[in-house]
Amino acid sequence: MGLQDEDTRVNGENGLVFGEIDEESTPPSSRVDFQVNERKRLSIYQEILQSYDELKINSKNLKEAKEKILSYRPGSWIEKVGGLKLCDYDIPKTTCLILVGPSGSGKSSLINRISKVFEDDKFAPARAQVSSNSLMGNGTYFLREYLIPRDSNSICVYDTRGLSDNSHENENNRMLKSWMTKGVRHGELVVRKTDNQRLRKSLKYKAHKKGFFSSKSRKVNYVIYVVNGLSVLKAMENTGALETQYTETIVSTFNSPFLSFKDDKPVLVFTHGDLLSLSDRARVRAHLGLLLGIPPTKQIFDIPECDDLVTESAIIEMLRYSLEHADRNFPQKNKVMDKVHKISLSLCMILLILGIGVVIALAQNKFIHQCHAPQQQAPSKKVHATRPKLKVPGKIPKIEWHKIRHIW
C-alpha cells in the first residue's frame, strides 16, 4: 500500500492520476483510450509489486533452485514436441549465452554477480573487469567467455563490447549479425569502423600483447539484453537528446531480427536498481515492458548491485528462463545431409574393402607365378653339388575365391 501511495504521488506530480483529464476538451474516444491504458498501466504496476513479494517467498527455496542450474546439461529441458526426440536435435556440448546492451549498462558487473551466486568461495576476486567511469572510454573490447560455474562445461556466458548510440545503427547491426551468424570466440577483438585511429592503434597493440587466441567459435544459443535502469528512468522523466537517443538505441537493437530466435525475443535485465527506490524500479520495469512488448514480470528481471537472497533468487530465475529458451531453440539435425553422409561413408567402406581384395588377389597371383617359374642357376666350377630342382606341375591350380572370401 505504501508503494501504491508513492506511485500515486509521483503520477499526481506528472498529471497522470486516473480520472484527472479535461473531459470538455478531450474527445470521448480519447477519454476511453486514456482510461483503458491507465487501467492497464496500474494493473501491470500492481502485478510487478506482487512479483517482488513472491521473489522474497521463493528465496527460501534458493538452494533447490540453484541445484537445478548446477545439474543442467545442454538439452535437459528440451520440449519433445512435434513427435521429435532428443536425438533429432543438434545439441552443443556447452550452452552459450551472450550479454548484449549499450555501453555502461552493467554487463561485466552482471557477469561477476552471476558467477558469485555459484561460487563456493565468497571471497574470490571478481572475474570480469568492470569500468567505474564509462566516460573515460574504457570498457570491454575483447569478447570474454565465462564458464558458470568455473569447473563446468555446461553453461558459458559471453561478455561483449557495448553497443553504440542509435546514430551508429548500421555499426550495431554489423556487430550483432557477426556474433549471431558466425559465432563468438573467446579473446576476439571487436573493432568498429567508427573507432578513431588512436583507439584502433591501442587496441591492436593490446591484441598483439595478449597473443593469438586459437579458441573455438561457439554458436550463440540465447541472448540476455542488459540496460541501465537509472538511464531508463532519466529517459522517462526527461525528453533531452541524450535520453531520447538511449531509448531509441534500446528499442532498435532489442528488436533486431538477429537477436530473436523465430518469435522468441531476448530476456531483459535492468541493472543499477540499488540507486532507485522500489517504486521507481517498478515504474522502469513496467515502462520497459510496454516499450518492448514483453511481459514485465516474466521476461524482465531487476538485478541490482546487492548481495542479498532476493537478488540471488532473481539471478537464478533469469538463468533458468534463458536456459529453458536456449534448449527450446536448439536447431534440428539436417536429416538429408545426415543420410548423404551415411551413404557416402558406406560407399567408401565398400570401395575400401574391394580395393583390399584386389590387392590381396594380385599379391597371391604374383606369389604363385614366382613359385612355378623355372629356377635357372649359372654354372659354377667351384660347386660340384647340384641343387634339387623344383617339380613344376603341368597345370596351375584354380583359385577358389569363395573359400578365401574372409581374407578380402
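Tutor: Contact here means heavy atoms within 4.5 Å. Helices (H or I, at least four residues) and strands (E, at least two) are DSSP runs, numbered from the N terminus. The model is predicted: local features need pLDDT of at least 70, side-chain atom pairs count only at pLDDT 80 or more, and totals for chains, interfaces and linings use all residues. Residues are numbered from 1 along each chain as its sequence is written, and side-chain values use heavy atoms, with hydrogens and water left out.

Student: At about what angle to E6 does helix H7 run?

Tutor: Axes are lines fitted to C-alpha atoms, for helices over the stretch in contact, and angles run from 0 to 180 degrees between N-to-C directions. Helix H7 (residues 229-237) lies across E6 and strand E7 (267-271). Its angle to E6 is about 60°.

Student: Which strands stand at the edges of the sheet?

Tutor: Two strands pair if DSSP finds at least two bridges between them. The open sheet has six strands in the order E2-E3-E1-E6-E7-E8, with mixed pairing. Each edge strand has a single partner, so one side of it is left without a neighbour in the sheet; these are E2 (144-147) and E8 (300-302).

Student: Which residue in E6 is the bridge partner of Leu97?

Tutor: Strand E1 (residues 95-100) and strand E6 (residues 222-228) run parallel, joined by four bridges. In E6, the partner of Leu97 is Tyr222.

Student: What percentage of the 408 residues is buried?

Tutor: Buried means under 20% relative accessible area, with a 1.4 Å probe and protein chains only. Of the 408 residues in the protein, the buried share is 38%.

Methods: Buried < 20%, exposed > 50% of the residue type's maximum accessible area, 1.4 Å probe, protein only.
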